[in-house]
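Please keep the sequence and the structure in view while reading.

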Amino acid sequence: MEELSQEEPISASAREGFDVLLQQSLRASLVPSDSSAEIVVIDDVADIDGKKMVVLTISSYLFRLMVMFHFTPDAPTREHFARLSRSSVAEMGEQGFMDAIAECGNLCCGIFNRELGRFFPHLGMSTPNVIDRQCAAYLQRLNCAHIRHLAIDMPDSPRLYVSLCVSAYDTLDFAVSAQEQVDTTGELELF
């Protein structure tokens, strides 16, 4: 493993590991089973549109990470989450829409949490919280050691955006091998 400095508490390998596990979790939770997705890195949060965010955290003794799902409650986004929740847009009221987005975020972070558990013991996960998108302008104030913004493109769906912010309380160094795949079956742990 790499030798880390105080200025860089998260190794390049660990940064890549967080990114790989998040992308695998996103594919398992936000992409319909009959579809494909391209996930690309967005350099600036200003490039992300969306009026609201669903935020979840995963924490351990060594780090805290936040995953933020940016969204606008427009017709294409409603159709996408209705499809994922196997309901119709007509059946999905405002609360049903918010519940569907929160549940997809919960599923994604549950998979992410389970996979991180292979490297870190004693992980906990929050429940989803909906906040205003303007809060993203203050991410730098969280003193995160790793921030990544992703765009998810799928056929017949709106572009979705997700942000990852990792705060390290100690040096972090782990590696995810290319052969390791997320197991998308099984039960999620609820905290």
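The model is predicted.

**Helix α1**
- Helix α1 covers residues 12-30, a run of 19 residues.
- At 1.5 Å a residue, α1 should span 27 Å, and its end C-alpha atoms lie 26 Å apart, so the two values agree.
- The buried residues of α1 are A14, G17, F18, D19, L21, L22, Q24, S25, L26, S29 and L30.
- Among the elements that cover these buried residues are the helices α2 (75-84) and α3 (94-116).
- Strands also take part in this cover, including β1 (38-42), β3 (63-71), β6 (146-153) and β7 (160-168).

**Packing of α2 with α3**
- The axes of α2 and α3 are 9 Å apart, and the two helices pack at an angle of about 65°.
- Because angles of 65 to 115 degrees count as roughly perpendicular, α2 is described as roughly perpendicular to α3.
- The crossing of α2 past α3 is left-handed.
- On the α2 side, the contact involves T77, R78, F81 and L84; on the α3 side, it involves E94, F97, A100, I101 and C104.
- Sorted by class, this contact consists of six nonpolar, one polar and two charged residues.
- In an α-helix there are 3.6 residues a turn, so residues three or four places apart point the same way.

**The loop residue G93**
- G93 lies in the loop between α2 and α3.
- G93 and R78 are 15 residues apart along the chain, and their C-alpha atoms are separated by 9.7 Å.

Note on methods:
Residues are numbered from 1 along each chain as its sequence is written. This is a predicted model: local features need pLDDT of at least 70, side-chain atom pairs count only at pLDDT 80 or more; totals for chains, interfaces and linings use all residues. Side-chain values use heavy atoms; hydrogens and water are left out. Helices (H or I, at least four residues) and strands (E, at least two) are DSSP runs, numbered from the N terminus. The expected span of a helix is 1.5 Å times one less than its number of residues. Buried means under 20% relative accessible area, exposed over 50%, partly exposed in between (1.4 Å probe, protein chains only). Contact means heavy atoms within 4.5 Å. Axes are lines fitted to C-alpha atoms, for helices over the stretch in contact, and angles run from 0 to 180 degrees between N-to-C directions. Angles under 35 degrees count as roughly parallel, over 145 as roughly antiparallel, 65 to 115 as roughly perpendicular and the rest as oblique. A crossing is left-handed if the near helix is turned anticlockwise from the far one by less than a right angle, and right-handed if clockwise. Ala, Val, Leu, Ile, Met, Phe, Trp, Tyr, Cys and Pro count as nonpolar, Asp, Glu, Lys and Arg as charged, and the others, Gly among them, as polar.
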